[in-house]
Amino acid sequence: MYGSSRLVLAHFCAAFAVFGVAIPLGAWQMLVRSPLHRWVDPEFYYRAVTAHGTALAYVFPTLIAMGFGYAVCATSLGRPMHGMRLAWAAFWMVIAGAAMAMATVAAGGATVLYTFYPPLTGSAWYYFGVLLAVIGSWIWIGLMVSHFVRWKRDHPGLPVPLAMFATTAGALLWAWTSLGVGAEILFLILPNAFGWTATIDAGLARLLFSWTLHAIVYFWLMPAYIALYTLLPQAAGGRLYSDHMGRVTFLLLLVFSMPIGIHHLFTDPQIGAGFKFLHTVFTGMVAVPTLLTIFTICASLEIAGRLRGGRGLFGWIGALPWDRPLVLASALSLVMLGLGGASGLINMSYVLNSTVHNTQWVTGHFHLIFGGAIVIMYFAIAYELWPRLTGRPLAAPKLVRLQLWTWFVGMLVVTLPWHAVGVMGQPRRMAYFDFSDPALAQQAIWVSVSAVGGFVLVLSAVLLLGVLIASHRTPVTAVPPLAYSLAVRPPRSLPASLNGFRVWMLLVVALTVANYGYPLAQFLFLQGTSVPAFPVQLR
Amino acid sequence: MTDEARPGTFDPRFRNWIAGTLILFLVSVAVGFVWLPSAQQGAGARELWTAICRAAGLPGTSDAASSPVTGQPSSTVAWTVATRELMTRGDSAKGAAIATTCGNCHGANGISADAAIPNLAGQSVASLYKQLEDYKSGKRNPAVMGVYVDPLSKDQLLDLATHFASLPNPLAGAATPSGSVDPGARNLIELGSPLRGIASCAACHGPLGFTPGAPDLRAQQRPYLEEQMQAFKAGIRHNDISEQMRSVSRALTSDEIAKLAAYYSSFAPVTR
């Protein structure tokens, strides 16, 4: 991979190492709060939840996005990367930050959950760790943008390859959206953690966090979508239905995924109802690129299926090469994306949200979307990249398919019951429930079933790690290089709007000012909105 | 591609995208800030501006929007940041000088000899101060205490609270209750009873957590505790700011109240 193999491999190995630790923690949490186990000390429960969330929300997807970004950068642009030292420095910053945050959580210094909503405050080391990891990812953003700009300069008039275009869109999205949590930690939480301020503006902190909280999911989603658009059609033996559609999708994600975060604050009284409505409308707009993607990917798969001899209305589906991990994973991912997207539409509706707000439904939703639809694509990306990184074929292709199926089944068994008990009113983030209480007794069976699903996911994670480790021992063979899908009509040149980000970024900033400006200003100028902090660390 | 553009030139598509986004924004603003709030019941055309302000998160400025306040607050004390900061400014020595009268009933060391009179030693400044001010303002029945607190200023009340808070905590050497604890009482204390709307006692009165103004109940006098919970239940005592003690006590049976009082008083205070 043009000299980037070690870098990419380091990111993926670190990401899956973190994943391997965090998944059993998740299964343990589900077990101990289910009727299958006696209650445990909530302190340990919340440590585990904080560690699980921090590892899988901040560290794991960031490392995957960075590693995949480097892989795309080197292979799609077809030349060695520059700034390798910076890239390694960024990697070690993320690792150091992750270690710092996780050690603090393990020691009981920050059971603040991964959303760390003030006025809860933990040890400053936890926030330093998160901040360090975020700053490491900022270096990656700089590298991606710099490669994008240099390639365009060296190739005037040529379209930037779709994979690199999308990677840069993801980097720019993360650049803008990570500012919210960065500002929250720097200006509100750390001064309080150091004891410089006695009080903390919890409302402002939540608003700043919402700036990051929703768009971060689209940053996680980017590698999955890039694989769907640029790797899947090729793997299925067909062509991408439309290169333009891909570009429009990534641009719409860039523009609309950020100025919508207040939909996480529907029950926050300090935000005006008008802004909640505004953010609801713009959240609805994010469904557009998702629907475009489902259409384009299905069309691309149909092309592949028909090229492979499939006939009739649905015959092309059976003709697809289902033994290829990327094809299987993409189909399973689209199913979970559809289900999770539907529950997301309920979450984003101002009125319906009040029924499910802060219930286990929400946990079910984001596990299905992120843990299911997105993470299964991370597995598929790893299976595509591993032979190219090691020069050896994947070990045990049957186990690979079993791994993808167990992840899919496990995730549905975990999350569908969560949706059900959420509608029954079970709150999220609770360490234990008294299921002997008649009011909760009907939830017991659902909770037990979902706890079993957790262990199916652990089995799947073990299979994944086993296959990847074993794939370092298979005999060296000639592995074809990573190939990107050709579009049905490959663009020879593109209009400026589909080949760059300058005006789009202005639109992003303008929308942010329009949708966030007033609520932010209100907090900054209103006096007396701060409350005493509530430290949770053990003394 | 027929519509190729040279790099660096402005692409007319941008105009369409920006115009489309702007229209979406303006329509959303019109619906969210004008139409929906003004269509709400009670918002007539004259109050359109008020409705817009409310949608933006600003309190209304129109007189018509404000409804007359009925009823009285349960206490004149509010746990604002300013009040909580005030709680750190009392003078214990001055308080001790005033406290000579108090000792007659509450004990010189803050441990009462009479089971109907509460122990004060080692309680938080906030919980002691709130009761003193409530007696003074009449929010808590001042029949007995009124005559003592009326002549005192707010600063003196604070000094007094600081003095009793500084006395040795009788719980310093107290162990968990000896003998068997009633499992029903323990459940109420640790978990509450969500179905009946009863929050866990320990979440406010310790040891799970302490909310401002909530006293530590361990080693409190049993008859006193029982009498106070019954008074909350009957609505005779009503100086709990958010009515939480009245709500909880109403939901408790008299038997449960007796068991809770027994539980808390079973911590043996260490008198010095």
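**View 1. Arg429(A), a partly exposed loop residue.** With 13 C-beta neighbours inside 10 Å, Arg429(A) counts as partly exposed. For that label, a residue is buried if 20 or more other C-beta atoms lie within 10 Å of its own, exposed if 12 or fewer, and partly exposed in between, with C-beta atoms placed from the backbone. You'll find Arg429(A) in the loop between helix H15 (397-423) and helix H16 (438-441) of chain A. Helices (H or I, at least four residues) and strands (E, at least two) are DSSP runs, numbered from the N terminus. Phi of Arg429(A) is near 65°, a positive value in a residue that isn't glycine. Most residues other than glycine have a negative phi.

A quick note on what you're looking at: this is a predicted model, where local features need pLDDT of at least 70, side-chain atom pairs count only at pLDDT 80 or more, and totals for chains, interfaces and linings use all residues. Residues are numbered from 1 along each chain as its sequence is written, while chains are lettered from A and ligands numbered from 1 in the order in which they are written.

**View 2. The loop between H3 and E1 of chain A, with Phe116(A) and Pro119(A)**. Phe116(A) isn't a glycine, yet its phi is positive, at about 30°. Is Phe116(A) buried or exposed? It counts as buried, with 24 C-beta neighbours inside 10 Å. Pro119(A) is in this loop too, between helix H3 (84-106) and strand E1 (120-121). Look at the peptide bond from Pro118(A) to Pro119(A): it's cis, with omega near 10°.

**View 3. Helices H7 and H14 of chain A, packed at an angle of about 45°**. H7(A) covers residues 215-230 and H14(A) residues 360-390, and their axes are 9 Å apart. Axes here are lines fitted to C-alpha atoms, for helices over the stretch in contact, and angles run from 0 to 180 degrees between N-to-C directions. The two helices are therefore oblique to each other; angles under 35 degrees count as roughly parallel, over 145 as roughly antiparallel, 65 to 115 as roughly perpendicular and the rest as oblique. Among the residues that meet are Trp220(A) and Leu221(A) from H7(A), and Phe370(A) and Met377(A) from H14(A). Contact means that the C-beta atoms of two residues, placed from the backbone, lie within 7 Å. By class, this contact has 13 nonpolar, no polar and no charged residues. Ala, Val, Leu, Ile, Met, Phe, Trp, Tyr, Cys and Pro count as nonpolar, Asp, Glu, Lys and Arg as charged, and the others, Gly among them, as polar.

**View 4. Helices H2 and H4 of chain A, roughly parallel to each other**. H2(A) (residues 42-77) and H4(A) (residues 124-154) pack at an angle of about 15°, with their axes 11 Å apart. Residues that meet include Tyr58(A) and Met66(A) in H2(A), and Trp140(A) and His147(A) in H4(A). This contact divides into ten nonpolar, four polar and no charged residues.

**View 5. Helix H9 of chain A, mostly covered**. Twelve of the 14 residues of H9(A) are buried, including Arg247(A) and Phe250(A). These buried residues pack against H5, H7, H10 and H18 of chain A.

**View 6. Where chain B touches chain A**. The contact takes 28 residues from chain B and 30 from chain A. On the chain B side, H1(B) gives the largest share, 13 residues. By class, that side has 17 nonpolar, five polar and six charged residues.
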